[in-house]
Amino acid sequence: MNDHDDLFTTPAEPDALARLHRRLEQAAEQEGLLDVAYRAVDSPVGPLLLAATPRGIVRLAYDIEDHDRVLESLAGRLSPRVLRAPSRLDAAARELEEYFGGQRRVFDLPLDLSLSRGFRLLVQQHLPSIGYGQTRSYRQVAELVGRPAAVRAVGTACATNPLPVIVPCHRVLPSDGTPGRYVGGPAAKQTLLNLEAAA
Amino acid sequence: MGTKHPFEKVVEEHGGTVLRVCRVLLANHDADDAWSETFLAAIRAYPGLPETANVEAWLVTIAHRKAIDVLRARRRHPVPVGEVPEQPTGLGVPGTDDSGLWQAVRQLPDKQRQAVAYHYVADLPYAEVAQILGGTTEAARRAAADGIRNLRTSYQGGA
């Protein structure tokens, strides 16, 4: 019986499972069951996680945010129908590659901002108006959204941006000349600022 | 709490076992179809699955029904074997010649083959197997034991 046990529990071929996984991605997309598709991409600021709902890109996460934890959180907040399904994120991956290569200044992607609410959402909606290579202070952004006293809340809105890089919170700096805090770490923020200054 | 793991984790953890179960129940191409139907049905129903549920037993239960659907369709419209294109079977594991075992398993009577698949391949306890097959735990245990005994007689390879 032990012989049978061994044979029955040998792993199925990885090739077969990879092929079946792709089939599942396609079928789930066709049936409208792919609530959150995700993939990882490499970048000069480390591996990035990209996730999209049918409405648009909903999340970009740095490695230090822990991609597994981010996916768990998306399952809880949006839907547990989360599947690694790269094809929905092809355009986003391409635009990011162009951006990091210095060949793209503006992202042209449908965004799903449903992870943000209220004042944070308002700030994040205004961030793309800060152009490539430019920077603003937290105070200037507070003025931009018509709440000049809400400097700290602007800081929080930037720190909780679910779509860093694409929604350019890295272009908002403290007025003391330092890069300031950043969801991807200060070094990543500096890398993006250098990239945009050089192009 | 209402927190459930991403469905991708379910595929990662149980995809291989469900494929082996499907391959015991069905021939290779049909096994792929049953696997696909199982996980498509599973992602549809996943948000409503109670958090305390045994995910593997749930998946095997779906696979059991999907395999029966596929078998019924085949028996109604048998595929003429001569028309199946030549292709690698992908059956079994590279380096081991176990295709004889898989064939022997598939020649078992339905109940025995199912009991063997759910207990020995999916590692479900007999109580769970009985739930899937409908019947008593003792009947499930007997079907699995009969299946293994029949396999020993019909299958000589492996050792």
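Tutor: Helices, of at least four residues, and strands, of at least two, are DSSP runs numbered from the N terminus, and the model to which they are applied here is a predicted one.

Student: Which residues of helix H7 of chain A are buried, and why do they line one face of the helix?
Tutor: In H7(A), which spans residues 151-159, the buried residues are Val154(A), Ala157(A) and Cys158(A). Seen down the axis of H7(A), these buried residues fall within an arc of 100°, so they line one face of the helix. In general, an α-helix has 3.6 residues a turn, so residues three or four places apart point the same way. The face in question is thus the one lined by residues within an arc of 100°.

Student: Which helix gives the most to the side of domain 1 of chain B that touches domain 2 of chain B?
Tutor: The domain assignment of chain B gives domain 1 as 1-82 and domain 2 as 95-159, and their contact takes 12 residues from domain 1 and 13 residues from domain 2. On the domain 1 side, helix H1 (7-25) and helix H3 (55-76) of chain B each supply at least two residues. The helix that gives the most, with six residues, is H1(B).

Notes:
Residues are numbered from 1 along each chain as its sequence is written. Chains are lettered from A and ligands numbered from 1 in the order in which they are written. This is a predicted model: local features need pLDDT of at least 70, side-chain atom pairs count only at pLDDT 80 or more; totals for chains, interfaces and linings use all residues. A residue is buried if 20 or more other C-beta atoms lie within 10 Å of its own, exposed if 12 or fewer, and partly exposed in between; C-beta atoms are placed from the backbone. The arc is that of the directions from the helix axis to the C-beta atoms. Domain bounds come from an automatic or database domain assignment. Two residues are in contact if their C-beta atoms, placed from the backbone, lie within 7 Å.
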